[in-house]
Amino acid sequence: MNKLIDGISLSGEIQIVIGVILGILVVSSLLFWTYGLFKSSPGLTELKMRTKSWWAMATLFLMAALISPIITYIGIGFLSFAALREFYSVIQLRRTDRVGMLFCYLAIPIQYTLAYMGWYELFIIFIPVFMFIWIPFVLVLSGETKMIMTSMAGLPTSIMLCVFGLSHMAYLISLPSIEGFAAGGKGLLLFLIFITQMNDVMQFVWGKLLGRNKILPKISPNKTWEGFLGGLLSSIVIGYFMRFLTPLSELEVILVSFLIAGVGFIGDVIVSAIKRDMGVKDMGGAIPGHGGVLDRIDSLSMTTPIFFHMVYFFAY
Amino acid sequence: MRGLFLYIIFKLWWKTFFSVIIGVRFIGARRFIGHEQFVLASNHNSHADAVTLMSAIPPTMLAKTFPVAAADYFGRNKFISFISWMFLNLILIPRKRASEAGEKDPIQIMDDALKDGKSLILFPEGSRGEAGKLQTFKKGIGILMENNRKIPIIPIYMEGIGRVLPKGNKIMLPSLTKIYVGDPIYIHEESAEEITAIVEKRVLELKDKSASFRPKFNS
């Protein structure tokens with residue numbers, strides 16, 4: 001494809017997609033803003049918040065692409081940090097777990113440096129092997145065994161959820177280039193974020209339009225079978241037409257989009273269940289525009305590693 | 001010069017550090033603006049409290065605002081008391097009131113500071129308490145403010161800062177913290193006991209307000 005704008009380090013494919021995304025953002029922001037003038041509802045606030053986080057992601061992506069890819073690594077790394085901080089502010093841990101928490105925070109710069117270096121072998125085992133041995137050991141060293149089981153499970157889960165999964169987004173950019181595939185790691189990253197977020201939006205939209213049968217009423221009362229299946233189908237269709245961002249064949253793209261949609265749902269309900277357990281479920285007084293980082297990344301933290309390894313398997 | 005130095009430390013460094021890394025958010029910080037002089041009364045959970053509050057003081061007030069701290073800890077030797085003054089702008093007071101002439105009286109020291117036109121940051125609980133629990137306020141704040149009726153008292157409740165640097169812990173960790181700044185209290189006819197009670201009540205109101213704003217999630 002030809003470039004729309006010459007002289008910037010983005011391939012023609014990515015320029016088109018970014019143009020489309022910016023277009024969608026401008027139109028939807030204007031739409032919600034005008035609609036909000038007449039009538040405001042919790043659903044609209046939710047939509048506005050989603051649009052806001054979309055703007056942030058688009059800006060981050062553009063800055064990274066235009067100025068320096070290092071910004072992307074730092075940006076995604078900070079996203080991990082903010083999510084982990086939020087996680088620890090909500091879950092109840094023991095006073096003696098603070099050393100373990102410190103090491104979990106320290107895992108972030110190490111993991112993202114490994115992604116930046118492109119050291120695949122260590123990147124892929126650093127958290128699930130080394131940290132998973134080290135963190136329980138540090139907890140043991142604190143000498144307090146009461147409730148240690150909860151902490152031994154909670155801390156590794158926290159870095160798996162907030163650091164390990166998301167860091168694959170950074171590694172996508174470090175992947176070596178494939179001949180004849182111009183969009184590269186940036187294209188893959190764009191595809192992943194676009195499909196994951198679109199799946200969220202489409203689940204929401206289909207659920208609002210047709211939602212009748214609740215899928216997991218105890219965990220997420222707003223989720224319905226209709227929304228889930230609608231999101232799944234929409235994601236496959238959107239993914240099919242966006243396949244020029246990936247080096248995958250048509251059949252592979254359909255499979256990958258299907259998995260992103262399914263796993264995105266799984267990530268969403270896993271985080272929902274944790275929130276419910278921690279008693280932060282009531283949305284009554286939620287301040288508009290201040291939804292948590294975890295709300296934004298719950299599906300991404302699961303879709304990212306799945307997408308990464310599917311692409312790694314098919315194309316590398 | 002002193003103002004510029006404190007500006008660099010508190011506004012450029014600590015404010016950025018606390019908002020970006022630790023995750024501190026002020027709710028109602030504009031209530032600090034527009035006073036010639038004030039007394040802040042806050043709950044006390046960690047050593048990070050005074051620094052966090054200083055970082056939210058308007059730049060022009062920085063050099064005139066002094067957190068009040070215990071002399072036996074922050075002045076236990078010359079070096080530490082120098083650091084306390086240089087980097088934290090602390091005023092040090094003894095914990096006990098003077099029993100005989102010649103001793104320094106804590107209320108007298110604070111009173112002199114207020115008469116000098118200085119603003120103070122007070123922790124009326126006296127010492128750092130458990131996170132999420134408010135100890136009974138000491139009556140010192142009432143006795144002090146009884147003689148300084150023109151100065152507004154700004155109540156503050158800090159929620160979550162006890163998890164940043166808990167008492168008896170050396171590791172500072174990030175944790176989402178919200179700091180609620182209440183409307184200024186103006187004193188008219190009240191007695192010392194009444195002033196203490198009013199301040200305590202207003203801080204408790206902020207605490208209740210914070211409880212209705214626990215971290216919220218959607219879906």
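1. A residue is termed buried if 20 or more other C-beta atoms lie within 10 Å of its own, exposed if 12 or fewer do, and partly exposed in between, with C-beta atoms placed from the backbone. By this criterion B:Gly129 is partly exposed, because 17 other C-beta atoms lie within 10 Å. The structure is a predicted model, in which local features need pLDDT of at least 70 and side-chain atom pairs count only at pLDDT 80 or more, while totals for chains, interfaces and linings use all residues. Residues are numbered from 1 along each chain as its sequence is written, and chains are lettered from A and ligands numbered from 1 in the order in which they are written.

2. B:Gly129 lies in the loop between strand 5 (119-122) and helix 6 (140-146) of chain B; helices (H or I, at least four residues) and strands (E, at least two) are DSSP runs numbered from the N terminus. Neighbours within four places in sequence aside, B:Gly129 is in contact (C-beta atoms, placed from the backbone, within 7 Å) with B:His44, B:Asn45 and B:Gln135. From B:Gly129 to B:Ile83 the C-alpha distance is 24 Å, at a sequence separation of 46 residues.

3. Chain A contains 11 helices and zero strands. Its radius of gyration is 20 Å, close to the 20 Å that the globule rule gives for 316 residues, so chain A is as compact as a globular protein of that length. The radius is taken over C-alpha atoms, and the rule is 2.2 Å times the number of residues to the power 0.38. The C-alpha trace of chain A spans about 60 × 50 × 35 Å along its principal axes.

4. Of the 316 residues of chain A, 43% are buried. Among contacts in chain A between residues at least 6 apart in sequence, 71% join residues at least 24 apart.

5. A nonpolar core is a set of buried Ala, Val, Leu, Ile, Met, Phe, Trp, Tyr and Cys residues joined through C-beta atoms within 7 Å. The largest has 78 residues, and those with the most contacts inside it are A:Ala83, A:Ile159, A:Val163 and A:Leu190. Helix 6 (residues 148-174) of chain A supplies the largest share of this core, 12 residues. A second, separate core of 50 residues includes B:Phe26, B:Ile154, B:Ile161 and B:Val199. Beyond four places in sequence, A:Ala83 is in contact with A:Cys162, A:Val293, A:Leu294 and A:Ile297.

6. The axes of helix 6 and helix 11 (residues 300-315) of chain A come within 8 Å and cross at roughly 45°. Axes are lines fitted to C-alpha atoms, for helices over the stretch in contact, and angles run from 0 to 180 degrees between N-to-C directions. The two helices are therefore oblique, since angles under 35 degrees count as roughly parallel, over 145 as roughly antiparallel, 65 to 115 as roughly perpendicular and the rest as oblique. Residues making the contact include A:Leu161, A:Cys162 and A:Gly165 of helix 6 of chain A, and A:Leu300, A:Ser301 and A:Phe308 of helix 11 of chain A.

7. A:Leu155 is situated in helix 6 of chain A and is buried, with 25 C-beta neighbours inside 10 Å. Apart from neighbours within four places in sequence, A:Leu155 is in contact with A:Asp97, A:Gly100, A:Met101, A:Cys104 and A:Ile135.

8. A:Phe78, in helix 3 (residues 69-90) of chain A, is partly exposed, with 16 other C-beta atoms within 10 Å.

Notes
Two residues are in contact if their C-beta atoms, placed from the backbone, lie within 7 Å.
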